[in-house]
Amino acid sequence: MSESFTAKDVAAHNTVEKGLYIIIDGDVYKLDQFVDEHPGGPKILKRVGGKDATKQFWKYHNEGVLKKYGPKLKVGTVQADAKL
Ligand code: HEM
């Protein structure tokens, strides 16, 4: 499944109840099913719900993490011309 989102669409999904979308490198990940199994804990993920978390992501993870979890969690991409 790969959809095209605006940053506004992503911002609307900012809680677990709303899907908990985050942006990493222009890709959109839906983390509502993943928060409770996140090794870094649910709190830190909830804090970046609806936002671009690229910087925070690369601070704590390497590419292997996206290779492993990306296919399961990625729901689409952000339209380049629609950044907030
Ligand atoms: C698609 C989104 C994410 C996935 C799949 C993910 C997955 C993981 C995994 C597998 C680990 C275990 C360590 C490792 O294998 O490298 C981890 C640790 C961690 N993650 Fe995430 N994570 C995501 C997003 C984030 C975001 C956005 C943040 C910060 C806002 C974050 C903060 C952390 C922290 C603080 C740790 C613990 C690092 C440590 O113990 O050294 N994660 N995450």
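A salt bridge (a side-chain nitrogen of Lys or Arg within 4 Å of a carboxyl oxygen of Asp or Glu) joins Lys-74 to Asp-27 in this predicted model, with 3.3 Å between the closest N and O atoms. Lys-74 belongs to strand S4 (residues 74-78) and Asp-27 to strand S3, so the pair ties together parts that are 47 residues apart in sequence. Lys-74 is partly exposed, at 32% relative accessibility, whereas Asp-27 is buried, at 18%; here buried means under 20% relative accessible area, exposed over 50%, and partly exposed in between, with a 1.4 Å probe and protein chains only. Helices (H or I, at least four residues) and strands (E, at least two) are DSSP runs numbered from the N terminus.

The structure holds three salt bridges. Another of them links Lys-72 and Glu-37, whose closest N and O atoms are 3.8 Å apart. Lys-72 is placed in helix H4 (residues 63-73) and Glu-37 in the loop between S3 and helix H2 (42-47), so this pair ties together parts that are 35 residues apart in sequence. Lys-72 is exposed, with a relative accessible area of 56%, while Glu-37 is partly exposed, at 45%. A further salt bridge is formed by the side chains of Lys-30 and Asp-32, at 3.0 Å from N to O. In this pair Asp-32 is buried, with a relative accessible area of 17%, and Lys-30 is partly exposed, at 28%. Side chains of opposite charge can pair when their charged atoms come close.

Residues are numbered from 1 along each chain as its sequence is written. Because the model is predicted, local features require pLDDT of at least 70 and side-chain atom pairs pLDDT 80 or more, whereas totals for chains, interfaces and linings use all residues; side-chain values use heavy atoms, with hydrogens and water left out.

The chain comprises four helices and four strands, arranged from the N terminus in the order β-α-β-β-α-α-α-β. For 84 residues, a compact globule would have a radius of gyration near 12 Å, and the 12 Å of the chain agrees with this; the radius is taken over C-alpha atoms, and the globule rule is 2.2 Å times the number of residues to the power 0.38. The C-alpha atoms fill a box of roughly 30 × 25 × 25 Å along the principal axes. Of the 84 residues, 37% count as buried. Among contacts (heavy atoms within 4.5 Å) between residues at least 6 apart in sequence, 66% join residues at least 24 apart.

Leu-20, although not a glycine, has a positive phi of about 50°. This residue is located in the loop between helix H1 (7-12) and strand S2 (21-24), and is buried, with a relative accessible area of 0%. Asp-25, likewise not a glycine, has a positive phi of about 50°. Asp-25 occupies the loop between S2 and strand S3 (27-30) and is partly exposed, with a relative accessible area of 48%.

The loop between H1 and S2 also contains Thr-15, which counts as partly exposed at 27% relative accessibility. Thr-15 lies 6.6 Å from Lys-46, C-alpha to C-alpha, although 31 residues separate them in sequence.
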